[in-house]
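Here are my notes for you, written as numbered points. Keep the model open while you read and click on each residue as it comes up.

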Amino acid sequence: MQAFEATSHYFDQAARLLDLSDNVRTLLLTPEREVRVEVVIEMDSGRLGNFLGYRVQHDNSRGPFKGGLRYHPEVDDDESRALASLMTWKTAVVDIPFGGGKGGVNCDPSKLSKAELERLTRRFTEKIHDVIGPVKDIPAPDMGTDDQVMAWIMSEYSKYAGFHPAVVTGKPIELHGSIGRKEATGYGVAIVAREMLATRGRTVGGSTFAIQGFGNVGSFTARFLAKEGAKIVAVSDVHGGLRNPDGIDVEALLRYVAVNRNIVGFEGALPCSNEELLRADVDVLIPAALGGVFDKATAEAVRAKLIVEAANGPTWPEADEVFNARGIPVVPDILANAGGVIVSYFEWVQNLQHFRWPLEQIQGEQEKKQVDAFHDIHELAERKKISMRAAAFYRAIARVGRAHALAGI
Ligand code: NAD
């Protein structure tokens, strides 16, 4: 199954509950616009580098398209389409005034020099500059892109449209970025995990966690949970895993990673495989790395009591059925990892206001948005006796559908 089919499957589940007609279903599923561009640059060697860039704009009925740009060898139209649609539902679930978009360039950024990355980014921006903009489509960092890439996009875009920092979010703080954006997704995942545990009479401090992925999202999630007294008993990255039944010292691990670039070899824990991590007997399992982690067999082997999806699209539909049948609650990605886009929204607002908010205001507003959205979806799921994923899609589709209906065709 392809990524877009998986998203459409979840959409269809909720669309049936809402009794949507085929026409409305098609209207809500079909992307508004798909752009594919050829991005040719001169490599440092003097040879030509040929790349393909994508931007899929899924829906803008509730506000400008919003979503990340990936630089990764697997970027293609199918992946961009799936992730653009997920962004539409994510911005609707947490009720921020944006639609959904996604895109990127098919490349391996680890094989490009900084100068090549800059040329690639500027050429890609040149090719898509007329379809992006502060009130049209606002890209952000995603896998393989960072605040530096956003700074180059802002600079290139300004050649066509003048000074418009709100054209991208996730910029460096010194160049109109927002305090609190870097840690926002992990902070939000920790808040959502806390709220989910509270519905079961549990606290973060009294619970054990396993986290797959120790990049931006995984490491900040671990850090915020550990601050609340959580016992992080297993973590992993692409190179390997670590386990310690007494809890891993997250701050010491972060210091280790800052020097060694990966978690392998850290002395405060024993090595473990990614498979062991996914099967760990913990209260909360947090996938925070890749999409498509849980297939049917993996889902059957999971021993965690609940799952909080920090990564985008970690669960294939057949695995979702297994989790539902086994009574393992899953807080879905579009609810759990929305912290990044929430603070991106605050960055956009600050750029439009030409005014900076302090960290306490940003994290306070973020927490309120996430807690409200979590309880809205949790209560809807309980009331309708459906999974939280179905409830999140249900709420999101209803909001987007209503916006279309009010604006008229
Ligand atoms: P990142 O590149 O900073 O980190 C990814 C981590 O996953 C790294 O530690 C990497 O080593 C690890 N990893 C990669 N392959 C793995 C494998 N096979 N097994 C175990 N670990 C592996 O990326 P990120 O920004 O932390 O994003 C992680 C996930 O969260 C992605 O699915 C992304 O789409 C999603 N997400 C990110 C944000 C954000 O604000 N960064 C927002 C929403 C969703």
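**Notes on the model**

1. Thr-121 touches Tyr-71, Val-149, Trp-152 and Ile-153, leaving out residues up to four places away in sequence; contact here means heavy atoms within 4.5 Å. Before going on, remember that this is a predicted model, where local features need pLDDT of at least 70, side-chain atom pairs count only at pLDDT 80 or more, and totals for chains, interfaces and linings use all residues. Residues are numbered from 1 along each chain as its sequence is written, and side-chain values use heavy atoms, with hydrogens and water left out.

2. Is Thr-121 buried or exposed? Thr-121 is buried, because its relative accessible area is 0%. (Buried means under 20% relative accessible area, exposed over 50%, and partly exposed in between, with a 1.4 Å probe and protein chains only.) The side chains of Thr-121 and Tyr-71 are joined by a polar contact of 2.8 Å. A polar contact is a pair of N or O atoms within 3.5 Å; within protein, one must be able to donate a hydrogen and the other to accept it, and residues adjacent in sequence count only if both atoms are side-chain atoms.

3. Now zoom out to the helix around it. Thr-121 lies in helix 4. Helices (H or I, at least four residues) and strands (E, at least two) are DSSP runs, numbered from the N terminus. Helix 4 (residues 114-128) packs against helix 5 (residues 147-161) at an angle of about 45°, and their axes are 9 Å apart. That makes helix 4 oblique to helix 5. For the geometry, axes are lines fitted to C-alpha atoms, for helices over the stretch in contact, and angles run from 0 to 180 degrees between N-to-C directions. Angles under 35 degrees count as roughly parallel, over 145 as roughly antiparallel, 65 to 115 as roughly perpendicular and the rest as oblique.

4. Who meets whom here? On the helix 4 side, the residues include Leu-117, Thr-121 and Thr-125, and among their partners in helix 5 are Val-149, Trp-152 and Ile-153. The residues of this contact between helix 4 and helix 5 divide into six nonpolar, four polar and six charged. (Ala, Val, Leu, Ile, Met, Phe, Trp, Tyr, Cys and Pro count as nonpolar, Asp, Glu, Lys and Arg as charged, and the others, Gly among them, as polar.)

5. Helix 1 and helix 3 (residues 77-93) pack at an angle of about 30°, with axes 7 Å apart. The two helices, helix 1 and helix 3, are therefore roughly parallel to each other. Helix 1 brings Ala-3, Phe-4, Thr-7 and Phe-11 to the contact, while helix 3 brings Asp-78, Arg-81, Ala-82, Ser-85, Leu-86 and Trp-89. Sorted by type, the residues where helix 1 meets helix 3 are six nonpolar, two polar and two charged.

6. Helix 13 (residues 339-353) packs on helix 14 (residues 359-384) at an angle of about 130°, with 10 Å between their axes. That makes helix 13 oblique to helix 14. Gly-339, Ile-342, Val-343, Phe-346 and Gln-350 of helix 13 meet Ile-362, Glu-365, Gln-366, Lys-369 and Gln-370 of helix 14.

7. Gly-180, in the loop between helix 5 and helix 6 (184-198), is in contact with Val-343 and Leu-359, leaving aside neighbours within four places in sequence. Gly-180 and Leu-359 are 179 residues apart in sequence, yet 6.1 Å apart in space, C-alpha to C-alpha. Gly-180 counts as buried because its relative accessible area is 4%.

8. Gln-57 lies in strand 2 (residues 48-59) and, at 1% relative accessibility, counts as buried. A polar atom of the Gln-57 side chain lies 3.0 Å from the backbone oxygen of Val-131.

9. Asp-19, in the loop between helix 1 (3-18) and helix 2, has a positive phi of about 60° although it is not a glycine. Arg-261 has a positive phi of about 70° and is not a glycine either. Asp-19 counts as exposed at 67% relative accessibility, and Arg-261 counts as exposed at 72%.
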